[in-house]
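Here is a short walk through one protein model. Keep the coordinates open and follow the stops in order.

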Amino acid sequence: MRRESFNENWICYQDGKKEAAFAVSLPHDAMLLDERRQGSAGGVNNGWIDAKDYTYEKTFTVPQQWQESDIIFYFEGVYHKAAVYLNGEKICCHDYGYTGFFVNATGKLRCGAENTLKVTAINSDQPNCRWYSGTGIYRPVWLYKLPKQHICLQGVKITALDYVNPKIRVQVQSNAVGNIKVEILDKNTRQNDAQKTDARQVLWSAQGTTDGNFVCDMELDGAECWDTQHPNLYICRVTFEEDVCEEPFGIRIVTCDTQNGFTLNGERVILRGACVHHDNGILGACAYDFAEYRKIRLLKESGYNAVRSAHNPCSEAMLRACDELGMLMMDEYTDMWYIHKTKNDYATEVETHYQEDLKAIVDKDYNHPSVVMYSTGNEVS
């Protein structure tokens with residue numbers, strides 16, 4: 001398995017109070033712990049919470065054989081101004097609180113010994129948001145252990161070319177030359193836990209060699225398309241040497257013109273949309289799969305077919321829920337561009353980081369059929 005959860009066995013503490021550290025599992029929202037007081041810097045925007053800065057730490061033993069792999073950590077979201085330290089050395093920083101980021105730890109880990117990963121999150125720079133933001137590592141963290149010859153992270157992109165006679169294009173980016181195989185798996189069968197075998201049926205396949213960039217067009221005779229009433233999904237499995245990557249996808253094509261407006265697979269669709277903030281009520285900002293799924297399910301049952309992620313990129317859990325339930329998504333970049341709406345918001349950083357931010361959003365969303373449009377900013381001046 002190339003990816004595994006890195007969400008257990010962390011400790012968290014308010015800056016300067018490590019003696020009061022407590023155990024947590026991720027996702028975690030430390031802002032739920034902060035004192036509420038009238039007149040705090042955040043004021044009505046965050047419910048008068050006197051937001052503090054927090055540190056997360058995890059100590060883990062690294063097997064000797066990890067030195068034969070490339071090791072990368074993926075943080076889906078940390079609010080905000082995150083800094084990542086490995087064994088006391090700062091190895092990454094990431095300002096925006098709503099985009100994911102990768103931390104390459106290859107060659108930096110102490111193999112055969114204990115290692116400590118530390119993440120700091122700043123939220124005392126109030127006011128920095130116009131709604132409840134949460135504090136800390138509020139979305140999951142993943143550990144990638146990749147063979148030296150591997151498929152690049154987010155390096156598999158599937159594009160629908162035709163929905164009448166279903167056809168897709170699969171693009172694969174690898175870090176080396178080698179043999180590659182692409183398989184499209186049945187969406188309805190899952191891994192057999194009792195036998196520990198993969199019972200999913202391979203419906204279509206292609207193979208070849210790659211020099212680092214591989215492109216193949218595949219006709220998927222008999223495949224079912226994805227739409228809001230029939231959210232049909234398939235799995236694209238790519239095998240490159242010893243590395244295996246699986247990406248869910250759906251077959252759908254969006255068009256917009258003056259004759260028909262918005263169409264999905266040639267059918268006109270009226271968008272009945274809602275704007276949804278990232279928090280989950282009493283759960284705070286934590287992006288739990290079940291909570292994101294519940295949010296989309298309730299909206300779908302109430303007659304909505306589209307949501308907008310007000311006012312920042314949505315979680316990957318929400319994208320999965322939209323894919324599975326047939327909800328269209330407009331993913332939004334940010335709440336401002338260069339002019340502040342609150343004194344310490346992200347406007348200071350937009351001009352410096354917008355290119356990497358937008359790339360991160362598109363890379364996150366690319367294979368999700370639910371994502372049909374983007375907003376580059378909310379009510380920006």
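P127 sits in the loop between β9 (113-121) and β10 (141-147). The model is predicted. The peptide bond from Q126 to P127 is cis, with omega about -5°. A cis bond also links L26 to P27, where omega is near 0°. P27 belongs to the loop between β3 and β4.

Stay in that loop for S25. S25 is placed between β3 (22-24) and β4 (54-62). Its relative accessibility is 37%, so S25 counts as partly exposed. What does S25 touch, once residues up to four places away in sequence are set aside? The answer is N7 and E8. With E8 there is a polar contact of 2.7 Å between the two side chains.

Next come two backbone angles. N9 is not a glycine, yet its phi is positive, about 65°. N9 is found in the loop between β1 (3-5) and β2 (10-14). At 62% relative accessibility, N9 counts as exposed, because the cut-off for that class is over 50%. K81 is another residue other than glycine with a positive phi, here near 50°. K81 lies in the loop between β5 (69-75) and β6 (82-86). With a relative accessibility of 33%, K81 is partly exposed.

Now move to a strand. T263 is part of β21 (residues 261-264). Is T263 buried or exposed? T263 is buried, at a relative accessible area of 4%. Neighbours within four places in sequence aside, T263 is in contact with I253, V254, T255, R268 and V269.

The helices come next. Helix α1 covers residues 289-301, and helix α2 covers residues 316-325. Their axes come within 8 Å and cross at roughly 40°. That angle makes α1 oblique to α2. The crossing is right-handed. On the α1 side, the contact uses D289, E292, Y293, K295, I296, R297 and K300. On the α2 side, it uses A317, M318, R320, A321, C322, E324 and L325. By class, the contact has seven nonpolar and seven charged residues, with no polar ones.

How enclosed is α2? Eight of the 10 residues of α2 are buried, so the helix is largely enclosed by the rest of the structure. The buried residues are E316, A317, M318, L319, A321, C322, D323 and L325. After α2 comes G326, with a positive phi near 80°.

Go back to α1 and the loop between α1 and β24 (306-309), which holds S302. S302 is exposed, with a relative accessible area of 57%. A polar atom of the S302 side chain lies 2.9 Å from the backbone oxygen of L298. For a sense of scale, take P166: S302 and P166 are 136 residues apart in sequence and 31 Å apart in space, C-alpha to C-alpha.

The last stop is D331, in strand β25 (residues 328-332). D331 is buried, with a relative accessible area of 1%. Which residues does D331 touch, not counting those up to four places away in sequence? They are S309, N312, P313, C314, I361, K364, D365, M373, Y374 and S375.

Notes:
Residues numbered from 1 in each chain as written. Predicted model: local features only at pLDDT ≥ 70, side-chain atom pairs only at ≥ 80, totals over all residues. Heavy atoms only, no water. Axes fitted to C-alpha atoms, helices over the stretch in contact; angles between N-to-C directions. Helix = DSSP H or I, 4+ residues; strand = E, 2+ residues; numbered from the N terminus. Parallel < 35°, antiparallel > 145°, perpendicular 65-115°, else oblique. Left-handed = near helix turned anticlockwise from the far one by under 90°. Contact = heavy atoms within 4.5 Å. Nonpolar A, V, L, I, M, F, W, Y, C, P; charged D, E, K, R; others polar. Buried < 20%, exposed > 50% of the residue type's maximum accessible area, 1.4 Å probe, protein only. Polar contact = N/O pair within 3.5 Å; in protein donor to acceptor, adjacent residues only side chain to side chain.
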